[in-house]
Every structure is written in C-alpha cells, then in structure tokens.
There are 2 protein chains.
Amino acid sequence: MLLKFSGKGYGFLFMKILVAGLGLIGASIAKALKKYTDNYIMGFNRTFSVAEKALEDGAIDETGDLSELLGKADLTIVNYYPDAIVPFVLENKDFIKRGSIVTDSCGVKSRICRTLEKEKLQFTFIGAHPMAGKEVSGYDNSTADLFSGASFICTPTCADESRVQTLVSLAKSMGFAKTVVTTPEHHDEMIAFTSQIAHVLACSYVLSPLAPQHADFSAGSYRDVSRVAKINGEMWSELFIDNKFALIREIDDLTKNLKLFRNAIEQEDSAELIRLMQIANKIKEEVG
Amino acid sequence: MLLKFSGKGYGFLFMKILVAGLGLIGASIAKALKKYTDNYIMGFNRTFSVAEKALEDGAIDETGDLSELLGKADLTIVNYYPDAIVPFVLENKDFIKRGSIVTDSCGVKSRICRTLEKEKLQFTFIGAHPMAGKEVSGYDNSTADLFSGASFICTPTCADESRVQTLVSLAKSMGFAKTVVTTPEHHDEMIAFTSQIAHVLACSYVLSPLAPQHADFSAGSYRDVSRVAKINGEMWSELFIDNKFALIREIDDLTKNLKLFRNAIEQEDSAELIRLMQIANKIKEEVG
C-alpha cells in the first residue's frame, strides 16, 4: 500500500482497488469509489464486454487479466453470489497480492468468514455487507450513489484493527451513513430478521390466490409488503440456505405471532387483539 | 336535493352534506369537499370543540345539534369506528332526512351493509370505503388531499343506480383516482388480503425479539414491512373481528406459504426455493 493520502473524502491511504464482478453492487462500488475517492480502480467481470463498458464509462481505470489485476490490488472487493465467494478466493489465492485485503459484498457472512478464517492465506479476508440494493440488477442499473444513507456492516474474524479501519474509512467515503463492525454470526442473525424474512414474506404474500385482483383494492400496505417479491430467486435461495438456522427461527417466531392473532380473531377476543397491537405499536414507536 | 350543478370538479347536484365524525378521515373528507366542490358542508363531532375548530378553519360551513343537521342533510357521511356505524344509523334514523343518502367510511362492509339492508329506512344507505389513511390520526392530521390517487370503493346493496352514481361522482371530485362499485362481500375478501393481513403481519413481525436491535442492520425491507405496526389497536380489532372469516383464510394461506419456504430452506432444496420465488416474481411483474 502506497503512503499517499487521498485528496477526496475522509482521507485514507491511496490504494489500487480491484472490483471483481461488475453487476449492480460491484459496479456501484466502482462508481462510488471513482466519484468520491482518488484511489485507482481496476475492474474485472466474467463477461468481458461489461468490463469494457465500465472502462468506457469511466467507472474503472483499468481492466484485464484477472490474475494480473489480483497481483496488483491492495484491496480486492469480490461481488459474486454467496456460494461463489469462497471458491473465488481459494482458486485465486496464489494470485492475490501478498499482504493485501480481500473483502466481499454478499448478504450472509458466517459460513464465508469462518471457512476463510481456517485457511492459511497470504492476505487478510474481511467479510462485509454493504446494505443496499434495488429491485433491478446488473451493470446498467448501477449508480455511484447507491450507498447514500445506507449501513455498511463489516465482520472481521482475525484481521488487524488497522485493516478493519481502512475498510470502514473507505465505506464512509463512499457515502454510507452508518458503519457497523460486528461478528459474522450477529450479522446473520440480524439480517435474517431485517431483510431475509421480509423477502420470504413478500413472496409468500403474493402467492395468495387474490393477488391478481389486488389493483382496485390496494393502497400503501400491499405495495410495501409485496415490494421485494420482485426477486432474484437464484441469489436469494443461496442466501436463505446459507443462513438457514437464523432464518428458520425468524419464520417460526413470525408464524407463532401470526397464530396469536389468528386465535384471537377466531375467538373474537378483542382484548387480546388490542393487547397484541399495543405491544407492537409501542415497539414501533420506541425503535422505529 | 336541489337541481343546481356545482361549479367545481365533475359537476354534480348541489347538496347539503353532513360529515359526522371529524377525525382524520371525516375531517379530510370535509376539507376535500370544501376545496374541490361547491356543496354546503355541515360537520358534527361528539367532542364539540373539534367541530368548532373545523368551523374556524373553514373545513365546514356549519355545525350544531346532530338531529337538526341530520334533518337538513341530502347526504350524511358517517365516520366512526366499525362497530359504531350501525348503532349511529339506527339510533338516528328518525332524524335523518327522508329520501337522503347515508354512507360511511369504514374499512369493512358486509356486516354493516347486510344489517342495514334488512331495516326499513326512509333514506338509502350505501356503504363506502375511501381507501386512504395515515399512521397518525385525529382532526389535526386531516388534509384536503388525503384521497389524491386513492381508490374509493362503494358497496351498494339495494340503492338506485343514480344514487350510487351521485356518490361515485362526488368521490371523483374529491381526488380519488379510482372508483369501484362492488359487493360488500367482495370488498371484504379483497381488503383482508390487500390491507388487513398486512397490518397483522407488521405487528407479528415487530414482535420478534430482534426488533429492538434492528437499527444498524435495516434498510428498506424492515421499514416497509413494519410501517403499519404503528396501529390503532381499538379500531383494527373491530375491523379484524368484523371480517374474521376472510382474514383467517388469508392468515392460513400465508402461513401455508411460509411453511413451503421453511421446509425448502430446512431441506436446503434450492430448486424448490427458486421455483417458489420465480412464481412470486412473475406474479409481481404481472400484477404490480
């Protein structure tokens, strides 16, 4: 890592950064890094035409042969599907620059981080989850401001504090409003609740036989609950299975709570319904 | 009803309209009628100071004794909790102007409409549901533009077509984007799906033990699914119980679909997960 400070953003070490995978998240990362930092941004994409497009757009400074790019990068950010992260790192471990940092952007962390923790690597892997997305995917939907106001979660296992801080500073300079350092397990437990079950719910909801007739009778509630049913099933099935224990616990909790409502409605027990809704209302008022 | 056409909006008969109940919905109706039509708007509220405030604000043209107002109104719009609609109409039936129209604004329709259909009344009751709301309630949150872009559902049982059209035209002039005339039963079945279960879900969701820790880990999904957990338990318990059969069917359907996801996740059956999500994705793409 060269000891030259960036002129933009929070001011951190000047780095050569490789963004591997230029889909929605990867390309948005590349664009944010180009827009808000002075680092040198290299890009790689399996479909080469996408990397060429990124180069033309100025989203990256360089593309080329993967092993050569990996050998030059002080930081490599891997933006693939969950099940492809560990294979990418292990298959390329001999090409990755000695002493560099490797991170990822996928939405589950325990299996990836705990697997790579056990490997003898000449670089440091720090799992990360930039919590942003869209209902559309691919390079063409990427934007430098995707992370504005979002949370950046970082789940180091055996990294030096200084390396974690390099990553956190970089995230801040990209526009993330909040940066959180926690364990992979705590991340996965929380994400099962805040994100994954909302996706399971949205899909389960629109599977109702009444969904096709909703238009005349729907307002904000239908729109909000069903929004993320526009989903990439291939990616989310990997995320769900990778986090099965935490997610099943959330599904079971939700099912149990739905049953409390169902029973109170069936018994026309308004006191119980009011009690349940008062608790929910209080939680929503207190924690947002 | 006087045969004078309004100078604003869609042009319908000039009427004396009584808005009974000046909470969020009632007062927004009064304000919309004042802003977008030339009708004469009377207001009644059990807490008299609210009606006085509405008069000062110009949200209504007149307030006073309920029986006198009812005797003058060509159209009375009843904006009370679900269980209070039928008692209000029956207790006041001898004061309500002969030949006038009475409607309401509550979110369930079958029980109310089918009960009043059986009564011998000297006026016509037409159930209605202006599909708009906020997470806050009361006169102070009311606004003339609450209905802009919303659906107005009207569920006549034994009304003349011309009277239904009077109500529908009035709704259009108030800013509703869509007006639907259907049966009370179809309304209630659809509302169980598009609105009620979303409220049951939001409450069930925030009852998770993880909700208090969500802030660092949440993005749009948590916000959207939990939004309507800020709820008025007293009112919604009446709505849920009034529509128990349709709502329980939706809860059971949702629980069954959640179980399909749960089982596929437990068995790590990615083909089944992808299949379920592809169906959901297709429904969302086709019906919005």
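Author: What follows covers the chain arrangement, the interface, the nonpolar cores and a few individual residues. Please note that this is a predicted model.

Reader: What rotation superposes chain A on chain B?

Author: A rotation of 180° does so, with 0.0 Å of shift along its axis and an RMSD of 0.0 Å. That is the relation of a two-fold axis.

Reader: And do the copies meet through the same surface or through different ones?

Author: They meet through the same surface, because 100% of the interface residues of chain A are also interface residues in chain B.

Reader: How many residues are in contact there, and what area is buried?

Author: On chain A 85 residues are in contact with 85 residues of chain B. The two chains bury about 8,000 Å² between them, and 70% of that lies on carbon and sulfur atoms.

Reader: How many salt bridges cross the interface?

Author: There are 10 salt bridges between chain A and chain B. One of them joins A:D252 to B:R262, whose closest N and O atoms are 2.7 Å apart.

Reader: Which element of chain A gives the largest share of the side that touches chain B?

Author: Helix α7 of chain A does, with 17 residues. Other elements that each supply at least two residues include β6 (151-155), α8 (220-226) and α9 (233-242).

Reader: Turning to the core, which residues touch the most other members of the largest one?

Author: The largest nonpolar core has 130 residues, and A:F240, A:F261, B:F240 and B:F261 touch the most other members. Another core, of 35 residues, lies apart from it and has A:I29 and A:V164 among its members.

Reader: What does B:F240 touch?

Author: Leaving out residues up to four places away in sequence, B:F240 touches residues of both chains, including A:F261, A:M277, B:Q196 and B:L247.

Reader: Is B:Q196 buried or exposed?

Author: B:Q196 has a relative accessible area of 1%, under the 20% cut-off, and therefore counts as buried. It is placed in helix α7 (residues 184-206) of chain B. Beyond its neighbours within four places in sequence, its contacts include B:V108, B:W236 and B:N243.

Reader: One last topic: what is the phi of A:E268?

Author: Phi of A:E268 is near 50°, a positive value. Most residues other than glycine have a negative phi. A:E268 sits in the loop between α10 (244-266) and α11 (270-287) of chain A, and is partly exposed at 44% relative accessible area.

Reader: And what about B:E268?

Author: Its phi is near 55°, also positive, and B:E268 is partly exposed, at 45% relative accessibility.

Conventions: Residues are numbered from 1 along each chain as its sequence is written. Chains are lettered from A and ligands numbered from 1 in the order in which they are written. This is a predicted model: local features need pLDDT of at least 70, side-chain atom pairs count only at pLDDT 80 or more; totals for chains, interfaces and linings use all residues. Side-chain values use heavy atoms; hydrogens and water are left out. Helices (H or I, at least four residues) and strands (E, at least two) are DSSP runs, numbered from the N terminus. Buried means under 20% relative accessible area, exposed over 50%, partly exposed in between (1.4 Å probe, protein chains only). Contact means heavy atoms within 4.5 Å. A nonpolar core is a set of buried Ala, Val, Leu, Ile, Met, Phe, Trp, Tyr and Cys residues joined through side-chain atoms within 4.5 Å. Copies are superposed by least squares on the C-alpha atoms of residues with pLDDT of at least 70 in both. Buried area is the accessible area (1.4 Å probe) that two parts lose on being put together, summed over both. A salt bridge is a side-chain nitrogen of Lys or Arg within 4 Å of a carboxyl oxygen of Asp or Glu.
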